[in-house]
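Please look at the sequence and the structure below before reading on.

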Amino acid sequence: MPRRHHHLTIPDLSGRRAVVTGGSNGIGFAIATTLAGAGAEVVLPVRSVPKGESALARIRERHPGAKITLEELDLSSLASLAALSERLRAGGAPIHVLINNAGVMTPPDRQLTVDGFELQLGTNHLGHFALTLQLLPLLRAGRGRVTTQTSIAARRGGIDFADLNAEREYDAMRAYRQSKIACGLFGLELSRRSKAAGWGVTSTISHPGVAPTGLLSARPEMGRDADTREIRLIRWLSERGLIVGTVESAKLSALLAATVPESEDGSFYGPQGLGNVGGPPGQQKPWAPLRDADAAARLWAVSEELTRTAAPACQASERSRAC
């Protein structure tokens, strides 16, 4: 039976397998809970297993029959990504939905992943890029739908190919914006390449608007010892139903993109309220930085090189720039 969620009806997902990154809290937890409630078998790759177990218990309280499995994953580590992908491929179960949702935001000082990438680029974009390509055989088997979350920060700016890792100059918000533009460019380029190469995978992008999540909260491990002024304001507005959304409303754009039959391959979904920061979800025109197909193709090539991950080779008959 389809389930109604605010302004969105989620179809019955029984027999479908969904992978959600960042599912132990915030918007990812809300997405995973909804998918489990709709009957999907949900795979939650989490960095902290205790946090993941707590999330799993909370989902099962709400949906006692929920089918959920935890997997360990540090999205900022190529070795961890490869290990997870290998485990899932060894299991052989097709993936029908992949929601690339996890992210980190604006560490005050420049930080690096274990592989030497600027933390936001490495986690938000390169981690999801590598994960998606490594899971492509399972996504193809399930004729899967991939939804990659970008951010309202991606409305302006671009990719600084000359200083991708912010080595010359680190500005926390600029680096975050670049990472989220990269997410959007990747999601739309994946759609183009899948069509060109006949992968049978659809790809959409979405953004949650603005909601009181943990992204801007105190994160001592990232050098942020207290909640930011921004998150305190967002909470105040959200509690009063003013302008911004809630975690429950912020989950809807990704769910619309990933599960509703009418959502279109290669499209962009986000809140439809004032300034696209809150309100019911719907399709919208991609922002200018996300429409740069040349930057997307260049980013794809750079990302393959940096992550040492390549899409499968095309058949001889598949003649296109994606091959």
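Predicted model: local features only at pLDDT ≥ 70, side-chain atom pairs only at ≥ 80, totals over all residues.

The buried residues run from Leu 252, Ser 253, Ala 254 and Leu 255 to Leu 256, Ala 257, Ala 258 and Thr 259.

Helix α1, residues 26-37, packs against α9, residues 252-259. Their axes are 10 Å apart and form an angle of about 45°, and the two helices are therefore oblique to each other. The crossing of α1 and α9 is right-handed. On the α1 side the contact involves Ile 31, Thr 34 and Leu 35; on the α9 side it involves Ala 254, Leu 255 and Thr 259. Sorted by class, the residues of this contact are four nonpolar and two polar, with no charged ones.

## The protein as a whole

The protein has 10 helices and 10 strands. Of its 323 residues, 58% are buried. Among contacts between residues at least 6 apart in sequence, 73% join residues at least 24 apart.

## The nonpolar cores

The largest nonpolar core has 48 residues. Leu 139, Ile 159, Trp 199, Leu 290 and Trp 300 have the most contacts inside this core. Two or more residues come from each of α3 (78-91), α4 (119-134), α5 (136-141), α6 (172-197) and α10 (293-307). The element that gives the most is α6, with seven residues.

Which residues does Ile 159 touch, leaving out those up to four places away in sequence? Its partners are Leu 164, Gln 178, Ile 181, Ala 182, Leu 185 and Leu 299.

## Helices α6 and α10

The axes of α6 and α10 come within 9 Å and cross at roughly 90°. Angles from 65 to 115 degrees count as roughly perpendicular, and α6 and α10 are therefore roughly perpendicular to each other.

From α6, the residues in contact are Ala 182, Leu 185, Phe 186, Glu 189, Leu 190, Arg 192 and Arg 193. From α10, they are Ala 293, Ala 295, Ala 296, Ala 297, Leu 299 and Trp 300. This contact of α6 with α10 comprises 10 nonpolar residues, no polar residues and three charged residues.

## Ile 68 in strand β5

Ile 68 is found in β5, a strand of residues 67-72. Is Ile 68 buried or exposed? Its relative accessible area is 6%, so Ile 68 is buried.

Not counting residues up to four places away in sequence, Ile 68 touches Val 42, Leu 44, Leu 56, Ile 59 and Arg 60. One of these, Leu 56, is 12 residues from Ile 68 along the chain, and the C-alpha atoms of the two are separated by 7.1 Å.

## Two arginines with positive phi

Arg 143 is found in the loop between α5 and β7 (145-149). Its phi is positive, about 45°, although Arg 143 is not a glycine. With a relative accessibility of 61%, Arg 143 counts as exposed.

Arg 308 is found in the segment after α10. Arg 308 also is a residue other than glycine with a positive phi, near 55°. Its relative accessible area is 68%, so Arg 308 is exposed.

Conventions. Residues numbered from 1 in each chain as written. Heavy atoms only, no water. Axes fitted to C-alpha atoms, helices over the stretch in contact; angles between N-to-C directions. Helix = DSSP H or I, 4+ residues; strand = E, 2+ residues; numbered from the N terminus. Parallel < 35°, antiparallel > 145°, perpendicular 65-115°, else oblique. Left-handed = near helix turned anticlockwise from the far one by under 90°. Contact = heavy atoms within 4.5 Å. Nonpolar A, V, L, I, M, F, W, Y, C, P; charged D, E, K, R; others polar. Core = buried A, V, L, I, M, F, W, Y, C linked by side-chain atoms within 4.5 Å. Buried < 20%, exposed > 50% of the residue type's maximum accessible area, 1.4 Å probe, protein only.
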